[in-house]
Amino acid sequence: YPNGVNNVALGNTALDTASGSNGYSVAIGTNALTAMTSGGSNVAVGYASGAAITTGGNNIAVGSEALDATTTGNSNVAMGSAALGANTTASSNVAVGHQALNANTTAPNNTAVGYRASHDNTTGTRNVSMGVDAMYQTTTGNDLVGIGAEALTRNTTGSSNVAIGKESLSRNTTASNNTALGSQAGLNTTTGTGNLLLGSAA
């Protein structure tokens, strides 16, 4: 890298476009942080991790192609292959797991932990998903909580739902303002709104 300050780069083309105003970044892996110009305090470990970041700062990308489309987004954490892979300008997201928040583009303030958690989210914001395929199909829904394997997995545009438990509200698609607590709670709820479901298979 030609001009950066206090950077660490290891790998072919890692941090190779850093400018003089860039600093305090770590890039390990081929093409890691390869486009960064004036961004700073980024950490990228893995092939093409953080590859498109130009001016974004305070991002952490660990895993092959993690956060690889982000350009100006700040304060994102992506850990896992292709985590936050489509993210471009969004900030303050946390994705932990293979393809977690994979389709997220511009939506901020999401947390996804688990294999393919919140995979299809594009512009939905303030969502929390934890578990394998939790909230997998959610695209634009906001203010959602899905905790448990396949919780809210088919939810697409429904907002303000809370599902805690394996497959809870897993067939919900567009309905909003539902709360389900327990394994398979609300399993058959698809478009109903304003329901409170407590207990296993409620």
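Buried means under 20% relative accessible area, exposed means over 50%, and partly exposed lies in between, using a 1.4 Å probe and protein chains only.

## About the model

This is a predicted model, in which local features need pLDDT of at least 70, side-chain atom pairs count only at pLDDT 80 or more, and totals for chains, interfaces and linings use all residues. Residues are numbered from 1 along each chain as its sequence is written, and side-chain values use heavy atoms, with hydrogens and water left out.

## The sheet

Twelve strands make an open sheet, in the order E1-E2-E3-E4-E5-E6-E7-E8-E9-E10-E11-E12. The pairing is parallel. Strands (E, at least two residues) are DSSP runs numbered from the N terminus. Two strands pair if DSSP finds at least two bridges between them.

The edges belong to strand E1 (8-10) and strand E12 (196-198). Each has a single partner strand, so one side of each is left without a neighbour in the sheet. From one strand to the next, the twist averages 5°. That angle is taken between N-to-C directions of lines fitted to C-alpha atoms, on a scale from 0 to 180 degrees. E5 and E6 run parallel and are joined by three bridges. Met 79 has Val 96 in E6 as its bridge partner.

## Two salt bridges

Side chains of opposite charge can pair when their charged atoms come close. A salt bridge here is a side-chain nitrogen of Lys or Arg within 4 Å of a carboxyl oxygen of Asp or Glu. How many does a search of the whole structure find? The search finds two.

One joins the side chains of Asp 133 and Arg 116, at 2.9 Å from N to O. This pair links distant parts of the chain, 17 residues apart. Asp 133 sits in the loop between strand E8 (128-130) and strand E9 (145-147). Arg 116 sits in the loop between strand E7 (111-113) and E8. Asp 133 is buried at 11% relative accessible area, while Arg 116 is partly exposed at 24%.

Another joins Asp 143 and Arg 126, at 2.7 Å from N to O. Asp 143 lies in the loop between E8 and E9 and Arg 126 in the loop between E7 and E8, so the pair ties together parts that are 17 residues apart in sequence. Asp 143 is partly exposed at 34%. Arg 126 is partly exposed at 46%.

## Positive phi in two loops

Glu 65 is not a glycine, yet its phi is positive, at about 60°. Its place is the loop between strand E4 (60-62) and strand E5 (77-79). Glu 65 is partly exposed, at 36% relative accessible area.

Gln 99 also is not a glycine and has a positive phi of about 60°. Gln 99 is in the loop between strand E6 (94-96) and E7. Its relative accessibility is 23%, which counts as partly exposed.

## A buried asparagine

Is Asn 59 buried or exposed? Asn 59 counts as buried, at 1% relative accessibility. It lies in the loop between strand E3 (43-45) and E4.

Contact means heavy atoms within 4.5 Å. Leaving aside neighbours within four places in sequence, Asn 59 is in contact with several residues, including Ser 41, Ile 53, Leu 67 and Asn 76. Asn 59 and Val 128 are 69 residues apart in sequence and 19 Å apart in space, C-alpha to C-alpha.

Technical notes
Helices (H or I, at least four residues) and strands (E, at least two) are DSSP runs, numbered from the N terminus.
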